[in-house]
Amino acid sequence: MTHRTIHLFRKGLRLHDNPSLVWALESSAVVYPVFVLDRAFLDGAMRMGALRWRFLLQSLEDLQTRLVALGSRLYVLQGGYEAGLRQLVRRWGVTQLTFDTEVEPFYARLDDSLRSLCEELGVLVHSGVAHTLYDVRRIIKANGGEAPLTYKKFLQVQSILGEPDKPAREITPQDFQKCKTPMEEGNEEQYRVPSLEDLGIEVDLEVLWPGGESHGLKRLEKHLESEGWGENFSKPRTIPNPLLPNTTGLSPYFSVGCLSVRSFYYRLSNIYAQSKNHSLPPVSLQRQVLWREFFYTVASSTPNFTKMAGNPICLQIGWHENQEALEKWKEARTGFPWIDAIMTQLRQEGWIHHLARHAVACFLTRGDLWISWEEGMKVFEELLMDADYSVNAGNWMWLSASAFFHQYTRIFCPVRFGRRTDPEGQYIRKYLPVLKNFPSKYIYEPWTAPEEVQLEARCIIGKDYPLPMVDHVEVSQRNMCLMRQLRSEQEGTAQLTRDVADDPVEIGVKREHQDHGPSEERTSKHFSPDGDHKTQVCSWASDPIRLPELSGEVMRPRTVT
DNA sequence: ATTGCGTTGTCGGG
DNA sequence: CCCGACAACGCAAT
């Protein structure tokens, strides 16, 4: 009970399940809750966009309110960590620093510099893991020193470890009676939570995701209480283009730690234990949390996890650099209404359904545009309210078939995928009002609408809404071919014969979604070692089609001998 | 060496 | 709405 402690909030912007704050309260006579608002760090390393800034500031406001209610307060320090903390340690006579450790490289570096600063100043450090279910180092250790690279393997390792640590105890007003937060007269202004205006950040978009622990908890309760939610929720069956989110909507709160994954995990376990209907347990939701854990684990032990170059688990691909095509994707001008509607929702709301993420990610990378997943990752990081270093990069590698997932022939069709669950195109009509008058028949591919239909809809394709930037059937077939080649090149030549034995050209031609005569029947395949097929594949692949020219030896189709 | 599997592809048919 | 066929990868179990 003798320390004078700064508890440093970074993520973990909550009072429930906050073990290092509990530690601070139990070991100190005085605790100063501090958040360092380091813009260089948050704009740079964290790549925060305006909506994420707003969410963060709201979360800090909420933290402040909750701390005040307990008889404490939050000190927000603007500027760099080191200079700021050095000054406060001296001024406040601090003897201990508590914080949550984080695994991202930029946080880990910050951890190190905080430790050396504390060593220099003679300040004790107490830190622990609170952002993930487990200390991911335990998972890596249990797997023999390497991160498991498949989800299945990950679950095996997790079963060895057993259940995660229980959430920390609640913090009560009594804690802050025993352990004071000294208030300094006249510094309210200096250490308050800044506004967006203070920071010169402009956002005029509706608040759909108010930041903060209070809102997160409210949202959590609302969903848990709604009939059957906890038991019937199953991820793969949610609809990818909802007008209202039909998923939990909790991810933004987990990403900055307004909510605790441990508390959530145990909450679901309790629902399962008390449920009469054990046939539909909320395990699928727990599995979502475990997916997050999986990506955190791999990210923590993989060099250059958010890059292709120097990343040992990432397939090296000669992605095309095409700023113009990238801009069209980012700004919802691809000419594919389904894709553009998703990108519009992303920009306006900071949230899109996970399957919608898959669709646009596939489109940008291996499906259509053949642009690096890193570019898409950066856009998501800026715009998604739930942006998360590890999960985001992991999913982009997944979707681009660069790591974890390898079935590159499974390409989302930007026309049909959405139509399956939303044949009337309500989602498109909402986010792309310019197309709202099109008949459902044409809403997913308005460029096929006859001129009179376009006039009737008062939207001329090519003028009021762009023509499709690529021919999906052509480019996706070409991309499959490229992918197959670069993989066989990187793997050696053992599988080449098998790889090119059956020719994708026919498939590509006959799978037109517009009326395009009945397909020729596919006869039984002949696996002939004949080399003619190979050259045929390659010459087709190098045909100039409506896409940027190929470049780089990795993806250049070559004649196989 | 061979087989089976993978959180979320597409298509056609019932 | 669900199923199987399709085509097909890396990885792990056998």
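Q: Which residue is the bridge partner of Gln96 in β5?
A: Leu124 is the one in β5. Strands here are DSSP E runs of at least two residues, helices are H or I runs of at least four, and both are numbered from the N terminus. This is a predicted model, where local features need pLDDT of at least 70, side-chain atom pairs count only at pLDDT 80 or more, and totals for chains, interfaces and linings use all residues. Residues are numbered from 1 along each chain as its sequence is written, chains are lettered from A and ligands numbered from 1 in the order in which they are written, and side-chain values use heavy atoms, leaving out hydrogens and water.

Q: OK, how many bridges join β4 to β5?
A: Five, and the two strands run parallel. DSSP has to find at least two bridges before two strands count as a pair. On β1, four bridges link up with β4, again parallel, and His7 sits opposite Thr98 of β4.

Q: What sort of unit do β4, α5 and β5 make?
A: A right-handed β-α-β unit, with α5 covering residues 105-121. Right-handed means that, with the strands pointing away from you, the path from the first strand over the helix to the second runs clockwise.

Q: Why is β4 called largely enclosed?
A: Because five of its five residues, 96-100, are buried. The cut-offs are under 20% relative accessible area for buried, over 50% for exposed and partly exposed in between, using a 1.4 Å probe and protein chains only.

Q: And which way do those side chains point?
A: Gln96, Thr98 and Asp100 go one way, Leu97 and Phe99 the other. In a regular strand, side chains alternate between the two faces of the sheet.

Q: Switching to Leu15: buried or exposed?
A: Leu15 counts as buried because its relative accessibility is 6%. It's in the loop between β1 (3-9) and α1 (19-27).

Q: What does Leu15 touch?
A: Leaving out residues up to four places away in sequence, its contacts include Phe9, Leu63, Ile171 and Glu213; a contact is heavy atoms within 4.5 Å.
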